[in-house]
Amino acid sequence: MAASPDSNLAVHSTIGEKYKYGFVTDIEADTAPKGLGEDTIRFISAKKDEPRWLLDWRLRAYRAWLGMEEPDWARVGYPKIDYQDAYYYSAPKKKSAPGSLDEIDPEILKTYEKLGIPLGEQQRLAGIAVDAVFDSVSVATTFRKTLEDAGVIFCPMSDAVRDHPELVQRYLGTVVPYTDNFFATLNSAVFTDGSFAYIPPGVRCPMELSTYFRINAAQTGQFERTLIIADKGSYVSYLEGCTAPMRDENQLHAAVVELVALDDAEIKYSTVQNWYPGDENGRGGIYNFVTKRGACRGRNSTISWTQVETGSAITWKYPSCILQGENSVGKFFSIAIVNNRQQADTGTKMIHIGKNTRSTIVSKGISAGRAQNTYRGLVRVQPGASGARNHTQCDSLLIGDRCGAHTVPYIESRNRTARIEHEATTSKIGEDQLFYCRQRGLSVEDSVSLIVNGFCREVLQQLPMEFAVEAQKLVGISLEGSVG
Amino acid sequence: MTATAAIRHKPFPYVERFAALAASLPGAGHPNVVALRQAAAEQARRAGLPTQRVEPWKYTSLNRLLETDFEPASSAARPAANDAAGWTVPGSYRLVFVNGRLAGGRSAAGLPDGVTLTTLADALARGDDDWATGAASSGHPFVALNTAFLTDGLVLRVARGVKVAQPIHLLFLGSGEAGASAIHTRLVIRLEPGAGIDVIERHAASGAGVYWSNPVCDIRLSEGARLGHAKFIDEGAEAMHIAVTGVEVAADAAYDSFVLTTGGALARNEIRVTLDGERAGCRLDGLYLGRDRQHIDNTTETIHAQPMTTSTETYKGVLEGKARAVFQGRIVVRPDAQKSDGRQLNKTLLLSDRAEIDTKPELEIHADDVKCSHGAAIGEIDADALFYLRARGIGAEEGTRMLVEAFAAELIDGIADKSVASLARGRLAAWLAGSAPGGTA
């Protein structure tokens, strides 16, 4: 009844390409004692020489977290996490503050080489400023000079707390409050670093900003906090890419990303997430429980999220837009690919508050193996959002008869003049499409890669060039060994 | 944690009335019936009522139910002579239930051989308990309440191959004139292989006041059977209608449902269909017309459990005043249900600035060789269409009315049964006549 047996087999054999980026770098870490308590938080805060207000904020978050429960509404299953059985701070040991790349621990540099982003080369070649988060502390920041000339502030969060406390204090937690949800609240209490960017009024950021996240050091949870503020009339494109070393133990990753766009500003946030998904039997892999939210505070502001999610054992992620400013625009473009035993519950929230706000959602979910893929999204139109518009398109592709694809949209309209459209489809790779490709001499793997890339095209087109190429490869690689 | 458990469920004081009432309920002389009722009452007591923290109840609050002190409906109530007038369907066989009990005669005259009608009061009185074993018997809190407090209803059986031409028309009337009353009825439908029949189920008020109608409908269609099931929810302005319908559809059988909701302060209609044989199919259509402070919730679930099953679903709504509607539609395709086809559409017109629609079309797919889709659209009256009409001398109010009628009639035009279509047109016209289109609130 399903596809012909040999095409099934062939496709299944395509999805299993091994994770290329699994290795552990052996460096000395400066680690907080295991476990979570006010002492851990004071330790982190003291390590970072934080001002009193930030420590207080962390402690308030921690106390709120104690009264919260881990959410269970997502369609993901995992063994209960023991939050006392993890390290909350781990920083690479510093000799002194590195003045240049030469002073960076060569082991770390080697790690980046294996990942394909030699920092030194990247400065000249890519034209991208890289704020590399190695474990919990940003090791190096490049291109800061070029950015400084443009007035752009792009630095690790801890530097921002020290050098630009007024900006941090003004915006931190205003999009994702410390009481927001279980994981975001945990992050607020124990976040160790992340990136901070501020684009001054009228400035078009001269290059794409990028962070490269990496999880290292056994049993270290990773809690980044990213804050990007695009002041009036400014523009910034921000890239985030992830790989993680192979290891057996599940690792929790609970990041928070806050975006603020003021009048006429635009923030484009792109993610390629390729963390270790666990092995074929679902052993190991990253738990990616992330809160990402952008506030279009100003008139005519735009926030656009683009994500290619291929990694992680479990993804729990809903990049959202709060459309407060009149005529503001929110966009969400997503590709989520799950294989083997991966579980993804991802989507977006578009909250229309201001007049004539518009949002677009395009979600492409691909499931293979025994994986479960869920799109979960909310479109809410508040009474004041006259003339609001939303269009949502969710497509799911199933490869094999043991995976699942689910679509759970919530649509709430409280304004007569709002217009909302939602469409969702589910289908499999057409046998005739496969046959057509193979007839023209393409292998099954190439055919599947071609068809899936075609299926995802609308989203891939949204990515900046640097990412689009990598993402297209990832789409193929993630599905190797799976086709059905 | 216990804190959350408390928030997810609230105790429902009404359940505590069971102990005092049990001896007077039909079937009280039969230990099997008593045991069944007791177990259900205990289940209902333990479950309490779901709060909005429970996902299927996210958009519908049961606080109004929790806060009302219900009396079991009085059996003394009888419909005034004219209550049921204007409710007849020509050529149909009709039974009238008032506050949960059969009113008037029940002759089966005119029904063909092979059609058996038994009232649940009779079935209970002789100790039957097979009415409680069907699709609607799962752990649903409102089914448990119904089982515990059930007073009457109908068991309809149609024998193998019998095709019934005239519809069975069931009229359920409720009133709360003598204090808030709770009404528990059940409709059990069993079609043997190849049987076919149409059932019209109407719920309306026979008097003013607060009442809570808790009907359960349990349907089982054997191979190749066909059931047309039209339901009209036209309860009184203060009434609460919380209904659960469970349907099992065997191979090559078809369930065809149409629900028109115009009445009730709170109306929740839940339909759960399991397509449990190859080529089984269902069509779930619905129209909801809300105004004032009405809350109308249509929650459906279609489970494709076997290969080559098909489902189509279209729900359309028009809301004005401060009305709020909820549509939750879920299509599940189980792992073995290859070559299944599921389609769903929900469209809502908002006519006022205070109306609200919450829609949640949901797909849960565990098989790859399937075609499933859903769509949802929400908007106001098309300004261009209105302009077109105005350019031809039709005023905004009249134009709005015409466009609303066209929007709703599209669904009614698809109803195969003429008597159902004509009833639906009548209800739509009545609703439109009482409407104030283009609400300016």
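Begin by selecting helix H3 of chain A together with helix H9 (residues 182-190) of chain A, which pack at an angle of about 145° with their axes 7 Å apart; the axes are lines fitted to C-alpha atoms, for helices over the stretch in contact, and angles run from 0 to 180 degrees between N-to-C directions. Helices (H or I, at least four residues) and strands (E, at least two) are DSSP runs, numbered from the N terminus. The crossing of H3(A) and H9(A) is left-handed, a crossing being left-handed if the near helix is turned anticlockwise from the far one by less than a right angle, and right-handed if clockwise. On the H3(A) side, show A:Arg58, A:Ala61, A:Tyr62, A:Ala64 and A:Trp65, and on the H9(A) side A:Thr185, A:Leu186, A:Ser188 and A:Ala189, which together make the contact; two residues are in contact if their C-beta atoms, placed from the backbone, lie within 7 Å. The residues of this contact divide into six nonpolar, two polar and one charged, where Ala, Val, Leu, Ile, Met, Phe, Trp, Tyr, Cys and Pro count as nonpolar, Asp, Glu, Lys and Arg as charged, and the others, Gly among them, as polar.

What is on screen is a predicted model, in which local features need pLDDT of at least 70 and side-chain atom pairs count only at pLDDT 80 or more, while totals for chains, interfaces and linings use all residues. Residues are numbered from 1 along each chain as its sequence is written, and chains are lettered from A and ligands numbered from 1 in the order in which they are written.

The crossing of H7(B) and H8(B) is right-handed. B:Ala385, B:Leu386, B:Leu389 and B:Arg390 in H7(B) meet residues of H8(B), including B:Gly399 and B:Leu403.

Staying in chain B, colour domain 1 (3-276) and domain 2 (384-441), whose bounds come from an automatic or database domain assignment. Their contact takes 13 residues from domain 1 of chain B and eight residues from domain 2 of chain B. On the domain 1 side, the largest share, four residues, comes from E12(B).

Finally, show both chains: 37 residues of chain B are in contact with 37 residues of chain A. On the side of chain B that touches chain A, E21(B) gives the most, with ten residues, and by class that side has 16 nonpolar, nine polar and twelve charged residues. To end, select strand E24 (residues 419-428) of chain A, which seven bridges join to E22(B) in an antiparallel run; two strands pair if DSSP finds at least two bridges between them. Within this pairing, the bridge partner of A:Thr425 is B:Ser373 in E22(B).
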